[in-house]
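Open the structure in your viewer and keep the selection panel at hand.

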Amino acid sequence: MTEELAQTPSTAPARGPRKLIFETGSPESRCFEAPALDVPAGSLDDMLGGAGRTRAPRLPHVSETEIARHYTHLASMNFGVDSGSYPLGSCTMKYNPRLNEDACRLEGFAGMHPYQPPATAQGALELMVGLARTLGEISGLRAVTLQPAAGAHGELTALMVFRAYHVANGDARKRVVIPDAAHGTNPATVAMCGYEVTTIASDANGGVDLDALRAALDTDVAALMLTNPNTLGLFDPNIVEVCAAVHEVGALAYCDGANLNAIMGVTRPGDMGFDAMHINLHKTFATPHGGGGPGAGPVCVTEALAPFLPGPLPVREATGAFAWMTPEHSIGRVKAFAGNFGVLVRAYAYVLALGGDGLKAASEQAVLSANYLKEKLKGAYDLPYDRTCMHEFVLSGARQRKANGVRTLDIAKRLLDHGIHPPTIYFPLIVDEAIMIEPTETDSLEDLDRFAAAMLAIAREAAADPELMHGAPYTTPVRRLDEARAVKQPDLRWRPTQ
Amino acid sequence: MRFTSISCEQREAMLRTVGCADMDALFDSVPAAVRLSRPLDVPDGLTEFEADSRLRALARANAPATSLVSFAGAGCYDHHIPSIVDHVLRKPEFFTAYTPYQPEVSQGTLQNIYEFQTMICELTGMDVANASMYDGATALTEAALMAARVTKRHTVVVSAAVHPEWRQVLRTYADASVLEVREVASAGGVTDGAALAAALDDSVAAVLIASPNFFGALEDLGAIAEAAHAAGALFVVAANPVLLGVLEPPSAFGADIVVGEGQMLGNAMSFGGPGLGFFGAREAHLRQMPGRIVGRTVDVDGSMAFVLTMQTREQHIRREKATSNICSNHALNALAATVYLSALGVAGLESVGRSCVAKAHYLRAALLSTGRFASPWESAFANEFALSFDGDAVALRDALVERGFLAGVPVRELDPCAPAGLMLFAATEKRTKAEMDALADEVTSL
Ligand SMILES: Cc1ncc(COP(=O)(O)O)c(C=O)c1O
């Protein structure tokens, strides 16, 4: 390794032999003790109508100490936003404020049962109404459901609302138009909603190709699904024309709100002509990603679509009391209970802390930071779309591959040796060897410069020592994995014989 | 309170680097016509102290079930959560991480998911499990969609004794897809066998049953499995995982897919979310499963390592041909479930199950002894049961809130066709004999 590489590892090295929780402890190890039963025990199998368990499940036998050490060990092999820069494009890995974590655990929130009478849930409902109102204002789409559990769930909810709207107009439509730069959840959602996908190519500037769009549009089209700013990190300058063209054929325009962090307080999807959008609270509103979830994907729609939203919705009644209300032509529920309330509390805490000005400032800084990195890196890497970007931008590793056989995957893995989480790679699909970089506003200038320096060092290294790049990472708890073996010899659960 | 550390000076320098005169210039690609020309109508930001005060005031405006003596269940249960669970969840390496797409720095998350998958397999008796779904309702719906793919049939039969909100979710999804839903009535608190038989034919992809069902009653899973399989349909069972320490796993009765809500495994009720959905299936159907799956493999040095696998099922690879559109799932809630099950162990899980069952049976007897309730049926049950009150269940529930009890869930609030007096009661291991006696006394004195 060259000197530049002798960096502190991104994560602490694993301590001791690595074991599964099932291989930890001993049969006598205990963490939990049940209080003595204060009612007659009865015959369990009789009470259960003969359906009593005959063979116990194999669960771990561990003490509390062993649990604490096991998960501390696991945590030491993980990288989170707190570990270092996490410029994962399309994911908005901003800092997760700790007040939000405390707030959602307050007993007055965490201890709420979903079927409490509204009289005992006024604070929870008020919070939900307040959050919905804020999201309506930020999106410019006033009617909001907080029920969807994630972005993809929000997409599906919105398309179901679109379908119901078209059906109510006696207008069965068949297709949904999606640009080729779209996230995979968009086409997958379209299929789940019983529509066909029509993919259109992006134009030379990375925006919607208006001619291709117009050619794809007819009265069979139910909707356009568009991420704006798009997955190249570019704001579509023709957005008004795009939405107008969609409306001209009676179709509806959907905004995938994954990139809302670029535009809060600057411009609003509702004002652009979108009829609906989802918002990933786990991106824009700083709720933690949790190693894959939970998130929340509220959906904001126009007044015309409001009657179709899933219910019930939290509302403030004329009396000032908060209550539940189901819209007249509701598509029904998309989730049990009231949505991911614990995530909603965190997002509301974030809104309270930042306020309207703070939200706009966050977006501005996110965009400035992305452009700053773009300027620093565009000499060393290809930049297929060289325009002012929004909160993220997409480089290409094509130059490194052609010149040295170093792939974007190698670049990503090498970043791990610098203690930096790699950007999103190989997405969007329309960029060869894509490297999608989203620094977020919560990284300091020092963080940004450190990331830029690492990327530049890697570009030099790619030319000087491609072999070294293929072997990276070297300093992580494990090194490159045999992913083919995982597929060919599936080992998806522990068994005691192993 | 803002979470940026970049100073005004630094910002000016950065603007110079990018060649923009001011922040506005960064947004030149946004047409003037759609620029927001006024500040957002969102109140000014607060300091941490002020925001905390405001949030605490909102929390205080609730009377959470945990501050009452609660017998409310209906899919969300107030079990004791060992302290260690939240201490693990609060480790930033877990909760601030993204989906483990970079396995070299995500082994903590990945190994935990592998352990979670194992525990779900052990509890349900299934061969394989995924990394989690949003909740029990969406897991059940995804199971219906998967069964349709596996059997190439488009009708699913669902028992009316499945949670009303879960059936609503199923119907919402079905309305927007090719899926057709046939609902089979319940009789005596369980799925009506004759009605089920009548609903089955060779167009049926799956029979969807919950046991315990919405009314708390245990279904005759063996008989239903036989009927489903005879019609060539898959048998999908929704189970309560915390009871699977004492209940025979659905696999023993021939279930092909086992799903459920996993909130009760170490997750706060939190007004109903986030909990988690779990999803287990037979190995033969692995490639039709929705959601993420983690596998064990080795790294280039031969060390044990874990990785997301079987990804050709998923949206980021297969797009419109994916088995589901799910991307983010409920990984952190699955971590809570894994820590919870580790803390309890077999003995703990069994004792919690025993305690819930014994207490629910005691509670039912105590409530019946008040003379105000009648038993609508005599089906076997575990931790939850339904009784018919001789008045309005909503009024009863509200009156008891005044006295410090969240007595249960009036069924009519969830199912408008239910009788006005029908009410669900659940007991967890947290409830004491004294509390149950006190509830009965309050009912008597009303
Ligand atoms: C552009 C885009 N759309 C949709 C999604 C899906 O969001 P979720 O993971 O919350 O379902 C993502 C997530 O990464 C995304 O980047």
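This tour covers the ligand site and then the interface of the two chains. Keep in mind throughout that the model is predicted.

**Stop 1: the ligand and its shell**

Select the ligand and show the residues around it. The shell holds 15 residues, and the closest are A:S90, A:G151, A:D256, A:H282 and B:S328.

Next, colour the shell by residue class. Five of its residues are nonpolar, seven are polar and three are charged. Then select helix α6 of chain A, residues 151-168. With three residues, this helix contributes the largest share of the shell.

**Stop 2: polar atoms around the ligand**

- Select the side chain of A:S90: one of its N or O atoms is 2.4 Å from an oxygen atom of the ligand.
- Select A:A152 and show its backbone: an N or O atom there lies 2.7 Å from a ligand oxygen.
- Select the side chain of A:D256: an N or O atom in it is 2.5 Å from a nitrogen atom of the ligand.

**Stop 3: the interface of chains A and B**

Select the residues of each chain that contact the other. Chain A puts 195 residues into the contact and chain B puts in 183. About 16,200 Å² is buried between the two chains, with carbon and sulfur atoms giving 64% of this area. Pick out B:E104, B:E122 and B:F271: these three supply 6% of the area that chain B buries against chain A, more than any other three residues.

**Stop 4: pairs across the interface**

How many salt bridges cross between chain B and chain A? The rule finds 13. For one example, select A:R133 and B:D41, which form a salt bridge with their closest N and O atoms 3.7 Å apart.

Finish on the chain B side by selecting helix α11, residues 331-368. This helix gives the most to the side that touches chain A, with 24 residues. By class, that side of chain B has 97 nonpolar, 51 polar and 35 charged residues.

Technical notes. Residues numbered from 1 in each chain as written. Chains lettered and ligands numbered in written order. Predicted model: local features only at pLDDT ≥ 70, side-chain atom pairs only at ≥ 80, totals over all residues. Heavy atoms only, no water. Near = heavy atom within 4 Å. Polar contact = N/O pair within 3.5 Å; in protein donor to acceptor, adjacent residues only side chain to side chain. Helix = DSSP H or I, 4+ residues; strand = E, 2+ residues; numbered from the N terminus. Nonpolar A, V, L, I, M, F, W, Y, C, P; charged D, E, K, R; others polar. Contact = heavy atoms within 4.5 Å. Buried area = accessible area lost by both parts, 1.4 Å probe. Salt bridge = Lys/Arg side-chain N within 4 Å of Asp/Glu carboxyl O.
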